[in-house]
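Here is a protein model to talk through together. Have a look at it before we start.

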Amino acid sequence: MGEETGNVTQSKVRSKTTRPKAVYQWTVADVQKWYDRHCGEYAKYGVLFKEHDITGRALLRITDSSLQRMGVTDNRDREAIWREIVKQRLKTDFMEIRDMERLNMH
């Protein structure tokens, strides 16, 4: 039993120091988790992301018209989902810039 506690503590420490998986490496399941967390109030469209096999790489390339073609027809809902995608894209770009700056410093 003591070993289990040690492993749990060890994995918690590891998860805090380990950087999250890059968006372009996300699976369809990872995108679903992101969607539920950031676009949960538009749950009826979440299934569309799964049906269209939207991975992280695809998520970063989605446009407003892509969302419309996928079936997100309500303009307000599409705008809100699109806004969350753009925020994720900006966050990803920012992290890549920081990584490049770190590489240049060493």
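What follows is a short exchange about this predicted model.

User: Happy to begin. How many helices and strands are there in the protein?
Analyst: A word on conventions: residues are numbered from 1 along each chain as its sequence is written, and side-chain values use heavy atoms, with hydrogens and water left out. The model is predicted, so local features need pLDDT of at least 70 and side-chain atom pairs count only at pLDDT 80 or more, while totals for chains, interfaces and linings use all residues. Helices (H or I, at least four residues) and strands (E, at least two) are DSSP runs, numbered from the N terminus. From that end the elements run α-α-α-α-α-α, which gives six helices and zero strands.

User: What share of the residues of the protein counts as buried?
Analyst: Buried means under 20% relative accessible area, exposed over 50%, and partly exposed in between (1.4 Å probe, protein chains only). Of the 106 residues of the protein, the buried share is 29%.

User: How far does α6 reach from its first C-alpha to its last?
Analyst: Helix α6 spans residues 75-105 and has 31 residues. The expected span of a helix is 1.5 Å times one less than its number of residues. For α6 that expectation is 45 Å, and the reach is close to it, at 45 Å.

User: Which residue caps the N-terminal end of α6?
Analyst: Look for a side-chain oxygen 3.1 Å from the backbone nitrogen of Arg76. The residue that supplies this oxygen is Asp74.

User: Which helices do the buried residues of α6 pack against?
Analyst: The buried residues of α6 are Asp77, Arg78, Ala80, Ile81, Glu84, Ile85, Gln88 and Thr92. Contact here means heavy atoms within 4.5 Å. The partners of α6 are α2, α3 (46-51), α4 (56-61) and α5 (64-70).

User: Is Arg78 buried or exposed?
Analyst: Arg78 is found in helix α6 and touches Asp64, Leu67, Gln68, Val72 and Thr73, not counting residues up to four places away in sequence. Its side chain also joins that of Asn75 in a polar contact of 2.5 Å. (A polar contact is a pair of N or O atoms within 3.5 Å; within protein, one must be able to donate a hydrogen and the other to accept it, and residues adjacent in sequence count only if both atoms are side-chain atoms.) Because its relative accessible area is 6%, Arg78 is buried.

User: Where does Asp53 lie?
Analyst: Phi of Asp53 is near 50°, a positive value in a residue other than glycine. Asp53 is exposed, with a relative accessible area of 52%. Its place is the loop between α3 and α4.

User: Which helix supplies the largest share of the lining of the largest pocket?
Analyst: Of the 18 residues that line this pocket, the closest to its centre are Pro20, Lys21, Ala22, Val23 and Trp26. Both α2 (28-38) and α6 each supply at least two residues of the lining. The largest share, six residues, comes from α6.

Methods. 1 Å grid on protein atoms, 1.4 Å probe; cavity = no way out; pocket = protein on both sides within 12 Å on 5 of 7 lines; lining within 4 Å.
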